[in-house]
Amino acid sequence: VAAWLQRADIIHATTIAPIAAPCPVVVTLFDALDFHPRWRPSRIWSVYVRTIGALAARRADAVITGTRASAIEVASKFRTSTDNMHVIPLGSTLTPTNPATPVDLPTDPYVLLVGSDSPRKDFTTALAAVARLRATGGDISVVVTGRPPPAYRNVSWITERHNVDDATLTVLYQHASAVIVPSRHEGFGLPVVEARTLGVPVVASDIPALRE
C-alpha cells in the first residue's frame, strides 16, 4: 500500500517481499534457515517465510544472495528461478585506519567470537576447544561480542562485550590472536571477511559458504 501511495520506483526487501506491487521488487535472501527446523530462529516466523515469503520471492523481479552456496540453497528451498538470481558478496566496513578506541582488553592472548550463541553458531564447540587448550597449559582467553552459551557464562577467562560499535569491534579484531567462526550453517559469514580485511587469522568450520 505504501508503494502505491508513494509511487515507489522500486522495492528492495530483505527476507520478506510484497506479493504484489506497482513497481519492480528485489528481495535479498541471505540463507534458507527457515527451511531447517534445527536452525530456524522462530517456528511461527519460519512458517510465514516458507509460505508468504517463498511466494513473494518467486514473484520478485530479482533475488540477491551473498554466496553461490546460498544461491543454490535458496533456489532449491524457495523454489525460485536461477535466471533472476544475483550473487553479490557482502563487504566489510571495518578498516585498519579506523580511529583507535580505548578498549579494555584481556591481559592474556585471546580469540574472538563475533555474535551471540545459537545452535547454528555452535559457540559451545569453540569454547570447549579453548577449555581443552587451557587445561594443557595454554595461556589463552576468549572475547565474545554477545552472549556465550549458558554453560560458559560468568567464566573467568571469557569476556562478554555487548552493543559493540564498529570502532570497538575493529580494536577487538586487531588485537585477537584469531577469530573463530564455528557455525554449522551460514549463508555468508561476515566475521570471516571482517577478520581477513584486518589481517587476522580465522579458524572456521568446513561448510560451503565459509569455504567460498
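Me: Let's start with Thr 15: in which loop is Thr 15 found?
Reply: Keep in mind that this is a predicted model. Thr 15 lies in the loop between strand 1 (11-14) and strand 2 (25-28).

Me: What is the phi of Thr 15?
Reply: As a general idea, most residues other than glycine have a negative phi. Thr 15 isn't a glycine, yet its phi is positive, about 70 degrees.

Me: And is Asp 122 buried or exposed?
Reply: The cut-off for buried is under 20% relative accessible area. Asp 122 has 11% relative accessibility, so it counts as buried. Thr 15, at 22%, counts as partly exposed. Asp 122 also has a positive phi, near 55 degrees, and isn't a glycine either. Look for Asp 122 in the loop between strand 5 (110-113) and helix 4 (123-135).

Me: Now the inside. How many residues does the largest nonpolar core have?
Reply: That core has 21 residues, and among those with the most contacts inside it are Val 27, Val 63, Val 74 and Phe 78. Strand 1, strand 2, helix 2 (43-59) and helix 3 (68-77) each supply at least two of the core's residues. Helix 2 gives the largest share, four residues.

Me: Which residues does Val 74 touch?
Reply: Leaving out residues up to four places away in sequence, Val 74 touches Leu 29, Asp 31, Val 63, Thr 65, Arg 79, Thr 80 and Met 85.

Me: Which residues does the second, separate core include?
Reply: That core has 19 residues, including Leu 94, Val 103, Leu 112 and Val 200.

Conventions
Residues numbered from 1 in each chain as written. Predicted model: local features only at pLDDT ≥ 70, side-chain atom pairs only at ≥ 80, totals over all residues. Heavy atoms only, no water. Buried < 20%, exposed > 50% of the residue type's maximum accessible area, 1.4 Å probe, protein only. Core = buried A, V, L, I, M, F, W, Y, C linked by side-chain atoms within 4.5 Å. Contact = heavy atoms within 4.5 Å.
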